[in-house]
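Okay, thanks for making time, everyone.

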Amino acid sequence: MEICRDEDTLQISDLDPFLAELLRQIPLSANSAGAPAAEARLFAQPSAEKEICAEWKSYVEPELRRLFRSASETVADDLAQLNGNEKALSNCTLHIPIEHADAWLNTLNQARLVIATKYNFSDEELNDHDRSPIGSRRDLGLFQINFYGFLQEFILREISG
Amino acid sequence: MSAVSAGPLEKGSTSTVEAPVREQETRGEEELDVPWQVVVHNDPVNLMTYVTMVFQRVFGYPREKAERHMLEVHHKGRSILWSGVRERAEFYVQQLHGHLLLATLEKIN
């Protein structure tokens, strides 16, 4: 896999089928619906004050849901480039418009948080970036978190110049 | 804003007017005067570079200051990013949650 910036586009090229599939999984992985612990993390309480929390739930949380959903939809639209490719089993390239960078950062973070909550990874596990091989769904979850984190680092570097 | 009212006149009284009675301020008004702080809590999932970028964006802090706060969150578990009036503090917490950081609004004792 190669990753670079070409003017107003971020390019992830030479994507093997496994990494392409992990990319396709981003919007699904970011979805916290039906996972109470992930919901609690993505829509955390803003205060110890009950009155503030009640107002937050009524007025702010719906806005946050809209924001997260919109970011996820932008990423899903970009990822459509990887669908319906007759060369599905060969390496491919993903082009991300630079103006979608914020949506990608947000959705990658949603996905990393939801996966981390789902498998309840310890701090030690999250800091173990060299763990291998992938022998279980849990290992795959940790690999996803690290891979998505790597993409976030790249995007951050490119947008901060 | 506090309210002022005159005491009731008794039946048969003439022109005596009792001294004004200052009513208690409402709880909401008192709370507006209490300073609040925006606290960010550690989350091992969020990348350090990402947290720094969010602090720069939300508060307009220069990179060095944003990094200082990020490291405080990382090492001490929390950092006070801003303090002031409640409305502004709520706005900042909303922005931080929008970037998926763990942030809370706390009254300053």
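So, chain B has an open sheet of three strands in the order 4-3-5, with antiparallel pairing; strands here are DSSP E runs of at least two residues, helices are H or I runs of at least four, both numbered from the N terminus, and two strands pair if DSSP finds at least two bridges between them. Strand 4 (78-84) and strand 5 (103-107) of chain B sit at the edges, each with a single partner strand, so one side of each has no neighbour in the sheet. On average, neighbouring strands of this sheet are turned by 30° against each other, direction ignored; the axes are lines fitted to C-alpha atoms, for helices over the stretch in contact, and angles run from 0 to 180 degrees between N-to-C directions.

Before I go on: this is a predicted model, where local features need pLDDT of at least 70 and side-chain atom pairs count only at pLDDT 80 or more, while totals for chains, interfaces and linings use all residues. Residues are numbered from 1 along each chain as its sequence is written, and chains are lettered from A and ligands numbered from 1 in the order in which they are written.

Back to chain B. Strand 3 (residues 36-41) and strand 5 of chain B pair antiparallel over five bridges, and B:Val40 has B:Ala103 in strand 5 as its bridge partner.

Both of those residues turn up again in the largest nonpolar core, among the ones with the most contacts inside it, along with B:Val38, B:Val54, B:Leu96 and B:Leu101. That core has 52 residues. By nonpolar core I mean buried Ala, Val, Leu, Ile, Met, Phe, Trp, Tyr and Cys residues joined through C-beta atoms within 7 Å, buried being 20 or more other C-beta atoms within 10 Å of a residue's own, with C-beta atoms placed from the backbone.

And which helix gives the most to this core? Helix 5 of chain A, with nine residues.

Now the contact between the chains: 21 residues from chain A and 15 residues from chain B, where contact means backbone-placed C-beta atoms within 7 Å. On the chain A side, helix 5 again has the largest share, six residues.

Last, the chain A sheet. Three strands form an open sheet in the order 1-2-3, with antiparallel pairing. Neighbouring strands in this one are turned by 20° on average, direction ignored. Five bridges join strand 1 to strand 2 (residues 9-15) of chain A, and A:Cys4 has A:Gln11 in strand 2 as its bridge partner.

Technical notes. Contact = placed C-beta atoms within 7 Å. Buried ≥ 20, exposed ≤ 12 C-beta atoms within 10 Å, placed from the backbone.
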